[in-house]
Amino acid sequence: MKSSQEIYTQIEQVKKLVESGNNSDIKLNANGGNSILVVCPPEEEHVYIKASQQILSCDTYEMIDLNQLLIEYIGQHKEELLEKLFLLQSSIHQVFKSPQEEDDNDFYNYIIEKINTAYKADKIPFLYAVGSLYGTGIDNIQIIEHKTIMNAPLPLIILYPATDNKDKLMFLNTRAASKYRCIIIKK
């Protein structure tokens with residue numbers, strides 16, 4: 001378990017990296033991507049969220065709680081989701097993320113819209129509670145590689161609940177995570 005000071009130092013490191021104003025360094029070190037993953041142990045995620053909210057100014061950063069977004073999305077699309085759940089029982093992962101060839105008003109696009117809204121407000125989007133994506137068919141790499149994020153003038157930051165098992169990140173201790181197209185910040 002990390003001390004509070006170590007967690008605050010890790011968040012400060014991200015802030016310094018982002019606010020240095022050198023996005024080309026981020027893209028270079030992120031294999032052409034435009035994202036930063038702040039790796040945290042899943043059981044300490046709440047401490048990281050609190051530290052991030054204290055350190056990262058709401059004038060510069062847009063804190064996006066994916067748990068809250070999922071609740072909003074379900075509330076706004078309840079009937080449609082119930083119908084999809086019934087129709088797509090064998091392809092449940094398509095309920096929240098439609099196949100790429102379909103231009104659907106799905107949860108994945110809802111997330112991208114919220115990120116884009118932050119960019120339009122000239123804020124750095126900071127996603128947290130990304131564990132809510134588990135089982136939705138939406139992977140972090142799909143968000144990271146979306147053209148909106150890749151082409152944005154500001155990076156995307158994701159608080160990433162994972163464990164580091166022999167230099168292999170395991171999302172929520174269960175799935176191997178992609179380290180591609182992002183900078184990994186971990187202790």
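Me: Which residues does Lys123 touch, not counting those up to four places away in sequence?
Reply: Lys123 touches Cys58, Asp59, Thr60, Tyr61, Glu62, Ala118 and Leu154. Contact means heavy atoms within 4.5 Å.

Me: What sort of model is this, and how are residues numbered?
Reply: This is a predicted model, in which local features need pLDDT of at least 70 and side-chain atom pairs count only at pLDDT 80 or more, while totals for chains, interfaces and linings use all residues. Residues are numbered from 1 along each chain as its sequence is written, and side-chain values use heavy atoms, with hydrogens and water left out.

Me: Back to Lys123. Where does it lie?
Reply: Lys123 lies in the loop between α6 and β3. Helices (H or I, at least four residues) and strands (E, at least two) are DSSP runs, numbered from the N terminus.

Me: What does the side chain of Lys123 reach?
Reply: The backbone oxygen of Cys58, at 2.8 Å. That is a polar contact, meaning a pair of N or O atoms within 3.5 Å; within protein, one must be able to donate a hydrogen and the other to accept it, and residues adjacent in sequence count only if both atoms are side-chain atoms.

Me: And Asp122, is that buried or exposed?
Reply: Asp122 counts as exposed because its relative accessibility is 56%. Buried means under 20% relative accessible area, exposed means over 50%, and partly exposed is in between (1.4 Å probe, protein chains only). Asp122 is in the loop between α6 and β3, and has a positive phi of about 60° although it is not a glycine.

Me: What about the phi of Ala129?
Reply: Ala129 is not a glycine, yet has a positive phi of about 60°. Ala129 sits in the loop between β3 and α7 (140-144), and counts as buried at 6% relative accessibility.

Me: Which helix holds Glu45, and what is Glu45 in contact with?
Reply: Glu45 lies in helix α3. Leaving aside neighbours within four places in sequence, Glu45 is in contact with Cys40, Ala129, Val130, Leu159 and Pro161. Glu45 is buried, with a relative accessible area of 15%.

Me: How do α1 and α3 cross?
Reply: The axes of α1 (residues 4-19) and α3 (residues 45-55) come within 9 Å and cross at roughly 50°. That makes α1 oblique to α3. The contact involves residues including Ile7, Tyr8 and Ile11 of α1, and Val47, Tyr48 and Ala51 of α3.

Me: How are axes and oblique defined?
Reply: Axes are lines fitted to C-alpha atoms, for helices over the stretch in contact, and angles run from 0 to 180 degrees between N-to-C directions. Angles under 35 degrees count as roughly parallel, over 145 as roughly antiparallel, 65 to 115 as roughly perpendicular, and the rest as oblique.

Me: New topic, α4. Which residues in α4 are buried?
Reply: Leu66, Leu69, Leu70 and Tyr73 are buried in α4 (residues 66-76). Seen down the axis of α4, these buried residues fall within an arc of 100°, so they line one face of the helix. The arc is that of the directions from the helix axis to the C-beta atoms.

Me: What covers the buried residues of α4?
Reply: The cover includes β2 (61-65), α5 (78-87), α6 (107-120) and β3 (124-128). The face turned away from the buried side carries the exposed residues Ile71 and Gly75.

Me: What caps the N-terminal end of α4?
Reply: Asp65 does, with a side-chain oxygen 2.9 Å from the backbone nitrogen of Asn67.

Me: At what angle do α4 and α6 pack?
Reply: About 125°, with their axes 10 Å apart. The two helices are therefore oblique to each other. Leu66, Leu69, Leu70, Glu72, Tyr73 and Gln76 in α4 meet Phe107, Tyr110, Ile111 and Lys114 in α6.

Me: Last one: how many helices and strands does the protein chain have?
Reply: Eight helices and seven strands. Buried residues make up 47% of the 187 residues in the chain.
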